Each structure stands twice: as structure tokens, then as C-alpha cells.
Number of protein chains: 2
Amino acid sequence: MDERGAIERLRTIATHSAARGLIDDAAVLDGWVLTHDSIAEGVHYLPGDPAESVGWKLVAVNLSDLAAKGATPVAALLSLTLTSDDGWEAGFLDGVEQACTKFDLALVGGDTIALPPGAPRVLGLTAIGKAGAATPSRGGGRPGDRLWLIGTLGDSAAGLAELRDDPAASGPLIEAYRRPQPLLEAGAALAPDATAMMDVSDGLLLDLSRLIAASGCGAEVDLNALPLSITFIARRGDDRSARLFAATGGDDYALLVALPAEVDPNLTLCLPSAPSIACIGSLVAGAALSLTDDDGPVPLPEHLGHEHRAF
Amino acid sequence: MDERGAIERLRTIATHSAARGLIDDAAVLDGWVLTHDSIAEGVHYLPGDPAESVGWKLVAVNLSDLAAKGATPVAALLSLTLTSDDGWEAGFLDGVEQACTKFDLALVGGDTIALPPGAPRVLGLTAIGKAGAATPSRGGGRPGDRLWLIGTLGDSAAGLAELRDDPAASGPLIEAYRRPQPLLEAGAALAPDATAMMDVSDGLLLDLSRLIAASGCGAEVDLNALPLSITFIARRGDDRSARLFAATGGDDYALLVALPAEVDPNLTLCLPSAPSIACIGSLVAGAALSLTDDDGPVPLPEHLGHEHRAF
């Protein structure tokens, strides 16, 4: 069963309003925001990634879902698979603890299970957050809203590409891949104004295509407006090809937010360490996603991102 | 890392009161009871088990944790691994839906992930329940309390043994293994009186040893008082060996409850379809678990149950 088929079937089961039709990465129940993301060895992380970074990342990707709903982290349940490799699990739990401490998340339960010998690890976390004044879904965007991106794109995918070439590579791009930072303050600050918000986990273009499908509108994106880090540009350039790489790479954990035209997040986000803020386009009538750059229209790439993650 | 080591380390992270020191199978947060259990192919179910029954069982084992806290099921998040075997996942989701419908549990979210080719499936569920008037932990038992068991023991383990001999076997013992029934009404009815309660998932003797460790007391159990089904006895007899098998087999999802001596659950459990109710012994001073039958003291078996499940 592919992801699309599974989600179609799941929608016929998940009919409660808290499920929001499974178009979000999170459920909203009585003032709580609930999300669960699992990661598998060899799929969501490299077997050679430090165990500590895997623990950090598992927590961070779940908190990124809470950030996109403007929620404040409260508690988590961890699903841990045990193997005979003591050192790995000790490191993994160190990383979980670092992230829980950093983001004030209380680990309150979960389970530990054995796997058959040689099976790849599968690690899961359920994160529970307190809803803020507003809990934007993916589905409230309207033609005329401007699309903003908080954080940069492509760093993580560039880091992963480096690691595939050289497992011993290091530097800020590898850090971006291994230790994403959930944009919790930004999400909470933007939620009251956002008509739609989500985190970019599978690639901007794929995630945006989901946002416009849920919102029932189209989008126009200026490829040249995509926020790229200095490190990314130094390594991969900023031509059309590099920008398409950044727009489809995934694992960014940036926030994609639709805001009414009169709202300027540069004024909203007076944060101690404000992330990059960029207007990348707008929502339009219709259903199409169109890209342009200085040379005119840009054909959509065949793959908009990675189809494997959360419902 | 073994389960004990992992849980010791997790306890140093899970310091929030909602975690209850990780001595329970569930966390208690602001009137909600939260639990997560994962199951792995080849560990918690047989590769030949019907997919539908695996979906049912995943939901049921989580709801059994809620039952043991006297909570009412509300919502769940599902972690689903996708493979290319369409039929399997369709059947699995049918079973999830049957259990959600039966127990009035709303599926509200989760995630779908790919696994590397050939990897055993790992399936997880987070279940969220509304706490009742009381939420008994494992740790409140006191010397003098009587120990009661709601439901029967050994059916599931006997069914699993039959399946190991003959994968095509069928009958009520196999059903007990594949389609456990969480004792939600019984749990809710007993919770206000219970000084300690838990479900029996890993084997009565192992789970009871956890209850007395958490409660800081010992226990005396009459092996002859253990409730066995007619089917179990017909298949395996009811001698000491059969009773020790039932006391250590696991996957029972019966409820083990400590009640003050003056409370008789036969009066509390006026349920439409009341499960078996048996007084199996009592809590005593000290820290030892002792077994007796008509022939006198029974040495504790080497393995009290299965050490692989929830923290």
C-alpha cells in the first residue's frame, strides 16, 4: 500500500473532528495538540549518524509539528527498540534528554520493545502540546494571502548529500541535517495571524502542494525568493538548479505560513534569535502550483519532495 | 541495552510527576491517561497471523493499559509502516477500524513510514483516555489487600503454543491470542476501590512482581485459585505444571487488582457480560512473592514472564 492509499483508507476511519481529516500533521483535542512521528534506520537517518543526534532529531521533528500549530510542548511518550548495542541506545537517550531539556518537554512514558536480530531500528515519539490562542491547519489559506517561509531551505538536504559522499563529513550543513531546530517561538508568534501553517519536512514544493490542496487554492512561488543560507550557497551555488534542490530536499523543519497580505511577520517575530524570514510568493485562485524566477516560468520538477512521512 | 537498563536510564529523564516514575504502563496528565505500545513482527505477533487480527491486537493491548487505569478510551494516534504488500495493510487497517469502532476510540492522527525492504514491520499506537474518578497506579498496594484477577490466564499462551506447532490451528485459544479483549468496564468499575491495578500482559508472576516492587510489599498467591478457562483445562489440564504455564505465559490482558479486604468485586462488577472474577491471594509485609498450592509451597519458576514490553 502506498502512502496515498493508506491515508485515503485512514481518512475513512479517522472521522472524528479532532483528526482534522488527517490533512494536518497533528490532531487537536480539547486544547491539546497531538502528533506522532516515527523514524527508521536507513530511511530517516543514516546508520552512521551518531546515536545522540538520532535521539535529538526524533524529538525535534515532532516538536516541529507542534511549532507549526503554534503549540507549546508539554509531554512526550517514547517508543524505543532495544538491541544488544548498549552504546547506541545510551547515546540515543542522551540525545532525547538534551532535546527534552532544551525544549522543556517532559518525557512521561512510552514503551521498550525487542526487535528480531538484524532488524533496522524504528523509533517513535508522541508529542503533546498545549494549544495556543489559535491552531492553524493547513487548510485555511485563501487567494491573496502571502506565503512566508521562516528558516532556510536546503541545508539539511545538502548535508545529507555530503554525508552520502563522505560519511565522515562535518560542518553546519551536516548539523542542520542531524540536529534540526523546531521553530517553536516563531510558530507560536505567527499562529494567531496564520490562515494556514505547516512545517517543511518533506520538501517545500511537496508540502506546499499539500497546503494548497487542503486550502482549495493555487500558489505562485518566486524561486529566487527562497531563503538559502550563506553556507548552502557557498557549497551549492544559488542558480536555478541549486534552488530547485533546496525546494525539494526536505528535512528543513522551516515553517511555511500563509498570512493575510496586511500582516508582516518581520514585525510579529521580535524574537531573541529570529530565524530567517522571507516572503516567497502568494496564494492564488485555482489549484495550480507555479514557479518563476528571473528568467520566467520554471517547470515543476518531477519529484516535489519525499513521500514517506506523517499523516 | 536490556529493558531494565533502558528503563533505569529513562527514569532519570522522566522526572515529571505525570510519568509516575515510569512504574505504570500509562502516564497521567491533567485528567488524561496516555499510553503507547508498539508491536513488532516476529516478536509480538507471528508473521502468519492474519493482518486484521494484528490491527485489532495493537488497539486492544493499548486499551488494556487504559482499562488498568480505569480510563475511558477517547483518541489514538497510529504509527504505520508501509510495505509493498497492499493486502496486508488493508487487512491490518480493517482490524484497527473494528477495534476502534467496538471500543469507541477515535483515530485522530499518527504517521506512515517506509521501512527498508525486508525489515520486519513495527506498528505503534498511542492511546489517550479520559481519567475516571480514580487512576490507580501499580504502587499503592498495602499488606492485607486481597489480590483479584479479572479474566482468565493462559488461554493466549496456550493458543500461541498451538500456533507454533500448527500455523493453521484455530479455535478459542487462538482467538484469545489474536483478539484480546480489553476489560474496560471492569477497570473503570474497580478503579475507585483499587489500591493498585495493572493489566497482565507479560505473565502474571512477572507483572505481580512489578506490582509488589512498586507497592513495597510482598504477595502470597494460591496457584490453585488462578482462573483457568474450561478450554484451557481441556487442552492443557490444571495440574501444577499447567497452572505455572498459565501464570507465566503472558498476553492475557486480564486485570490484576489489589483491593482492601472488605471490598468484594463480585458485588462491584455488575456488568452485562461480567468476566471471570477470582481472588488469587493477598499482599503481605516484606518483599517476597510466594506461591502455594494444595501440595504446599511451589518454587518460583526461573522465568516469571516475558521481559520485553512497556515501561
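This report walks through a core, a helix pair and a chain-to-chain contact in a predicted model.

## The nonpolar core

Let's start inside. In soluble globular proteins, nonpolar side chains tend to be buried together. Here, the largest nonpolar core holds 217 residues. Val108(A), Leu256(A), Val108(B) and Leu256(B) have the most contacts within that core.

Take a look at Leu256(B) in the structure. Leaving aside residues up to four places away in sequence, Leu256(B) touches Leu147(B), Leu149(B), Met197(B), Met198(B), Val200(B), Leu204(B), Asp207(B), Leu208(B) and Leu211(B).

## Two packed helices

Two packed helices are described by the angle between their axes and the distance between the axes. In chain A, helix H2 (residues 51-68) packs against helix H3 (residues 86-102) at about 40°, and their axes are 6 Å apart. That angle makes H2(A) oblique to H3(A), and the crossing is right-handed.

## Where chain A meets chain B

Now for the two chains together: 56 residues of chain A are in contact with 56 residues of chain B. On the chain A side, the elements giving two or more residues include helix H1 (3-13), strand S3 (72-82) and strand S4 (106-114). S4(A) supplies the largest share, 9 residues.

What classes of residue does this side of chain A have? There are 35 nonpolar, 12 polar and 9 charged residues on the side that touches chain B.

Terms used: Residues are numbered from 1 along each chain as its sequence is written. Chains are lettered from A and ligands numbered from 1 in the order in which they are written. This is a predicted model: local features need pLDDT of at least 70, side-chain atom pairs count only at pLDDT 80 or more; totals for chains, interfaces and linings use all residues. A nonpolar core is a set of buried Ala, Val, Leu, Ile, Met, Phe, Trp, Tyr and Cys residues joined through C-beta atoms within 7 Å. A residue is buried if 20 or more other C-beta atoms lie within 10 Å of its own, exposed if 12 or fewer, and partly exposed in between; C-beta atoms are placed from the backbone. Two residues are in contact if their C-beta atoms, placed from the backbone, lie within 7 Å. Axes are lines fitted to C-alpha atoms, for helices over the stretch in contact, and angles run from 0 to 180 degrees between N-to-C directions. Helices (H or I, at least four residues) and strands (E, at least two) are DSSP runs, numbered from the N terminus. Angles under 35 degrees count as roughly parallel, over 145 as roughly antiparallel, 65 to 115 as roughly perpendicular and the rest as oblique. A crossing is left-handed if the near helix is turned anticlockwise from the far one by less than a right angle, and right-handed if clockwise. Ala, Val, Leu, Ile, Met, Phe, Trp, Tyr, Cys and Pro count as nonpolar, Asp, Glu, Lys and Arg as charged, and the others, Gly among them, as polar.
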